[in-house]
Amino acid sequence: MGCAGIRSVAAGEHHYSEEDLRYCRRWFLSVPGARQVAKTIANATFAARQSALWGEGTTAVASDSTHFSAYDQNIFTEYHSRYKRAKRGVLIYWTVETAGAMAIYSQHLTCSASEVHAMVEGAMRHATNMNVETNYVDSHGASLIGFGITRLLNFDLVARFKQINVMKLYLPGKGDRYAYPLLRPALTRPIRPEIIENNYDLMIKYATAIRQGTASTEALLRRFQGETTHPAYSAMLKVGCAQRTIFLSRWLRDRDLQHETESGLNVVENYNGVNDYIRFGKRGELASNRREEQELAMLCLMILQSCLGYINTLMIQDTIAEPEWADVLTDVDRRGLTPLFTTNMTPYGTVQLSPERRLDLSGPPSPPEA
């Protein structure tokens, strides 16, 4: 928040000075604290959801990055190859669960950072009550090593590839070269399973380090990039070749999976749209040269949208609990429910806050058991 924003809040009816607000910000608002707040709101939302509307429990997330302009005088600020006309900035990588569009993790990245490691870190480090079993990504978050690592970490990587028409399917072994004559134009070299077998224990060692947090995915990927002949890297690539071939074969014949992929990625796109709606000040530019301040600004944005999602979830449940809505919504309507709406927001102008009044966030009573 800029100086003008702090002064306007301090000048309100709360009787706090500008110095009081700065003191609280300096001592009580930190990156770890903001992450804890965001996690608490996400868990509260998961606990408050009614399974009849939102499902028995979501296990799927979608992840993607968005570019934020930032001040130039910062070693983390770069131009991004996909945003040539945009100003210099940074990437914020969101991991959003797909059932109710609740962000469970965010990461501050440079524009040259790998989105594969961010995808893995988001699934492993979110620390919410959610159990991630599926992660939807676009082409930038999926690679052979990404498919290999996620297979070892026991969650499915589901990708939407831009150039799926030129992608190749790997053969199971050398003896299968002529086993699939109709697929010959789409086939490429064998996988060589002996490399996986010979380095299985080493792969599990690195996967366990990622899962337990004793090593970051980024550090391992950087090491592998410097040692492309590393045996664990070679084995993970072979696992990725096999896993991506399995995924492509499944995705090309499964129309429902194609729809699920598109729907999941639309959730994170809509999430970015609401972020743009909330963060309208200073054209959405990060007005700080400090990495910690930029990360904290993004976490505060995540907290605001999480609060919006929590309140909207309870509002939807309260409304649909009314008797007149009992037979109105079909199953298709219920699948289309989303807390990602901003018609009840007032981003511009004066917002009067009253500490004496509180929203009823208890939610509707649970239906009696049959």
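Q: How many cavities of 30 Å³ or more does a search of the whole structure find?
A: The search finds one. This is a predicted model, where local features need pLDDT of at least 70 and side-chain atom pairs count only at pLDDT 80 or more, while totals for chains, interfaces and linings use all residues. Residues are numbered from 1 along each chain as its sequence is written, and side-chain values use heavy atoms, with hydrogens and water left out.

Q: What makes a space a cavity rather than a pocket?
A: On a 1 Å grid over the protein atoms alone, a cavity is a set of points where a 1.4 Å probe fits but cannot get out. A pocket is an open set with protein on both sides within 12 Å along at least five of seven lines. Rolling a probe the size of a water molecule over the atoms shows where empty space is left.

Q: Which residues line the largest cavity, and how much space lies in it?
A: Lining residues have an atom within 4 Å of a point, and here they include Gly 100, Met 102, Tyr 271 and Leu 340. Helix H12 (residues 291–320) gives the largest share, three residues. Helices (H or I, at least four residues) and strands (E, at least two) are DSSP runs, numbered from the N terminus.

Q: What is the lining of the second largest pocket made of, by class?
A: Ala, Val, Leu, Ile, Met, Phe, Trp, Tyr, Cys and Pro count as nonpolar, Asp, Glu, Lys and Arg as charged, and the others, Gly among them, as polar. On that basis the lining has 10 nonpolar, 12 polar and five charged residues. This pocket has a volume of about 740 Å³, and Thr 98, Ala 99, Ser 263, Val 267 and Arg 335 are the lining residues nearest its centre. H11 gives the most to the lining, with eight residues.

Q: Why is the contact of Arg 49 with Glu 97 called a salt bridge?
A: A salt bridge is a side-chain nitrogen of Lys or Arg within 4 Å of a carboxyl oxygen of Asp or Glu. The closest N and O atoms of Arg 49 and Glu 97 are 2.4 Å apart, so the pair meets the rule. Arg 49 sits in the loop between helix H3 (31–48) and H4, and Glu 97 in strand E2 (residues 89–97), 48 residues apart. By this rule the count comes to nine salt bridges.

Q: Is Arg 49 buried or exposed?
A: Buried means under 20% relative accessible area, exposed over 50%, and partly exposed in between (1.4 Å probe, protein chains only). Arg 49 has 15% relative accessibility, so Arg 49 counts as buried. Glu 97, at 0%, is buried as well.

Q: What joins Arg 290, Glu 292 and Glu 293 into one network?
A: Arg 290 forms a salt bridge with Glu 292, with the closest N and O atoms 3.6 Å apart. Arg 290 also meets Glu 293 in a salt bridge, at 3.7 Å from N to O. Salt bridges that share partners join these residues into one network.

Q: Why does Phe 28 count as exposed?
A: Phe 28 has 61% relative accessibility, so Phe 28 passes the cut-off for exposed.

Technical notes: Grid points are joined across faces, edges and corners, and a volume is the space filled by probe spheres set on the points.
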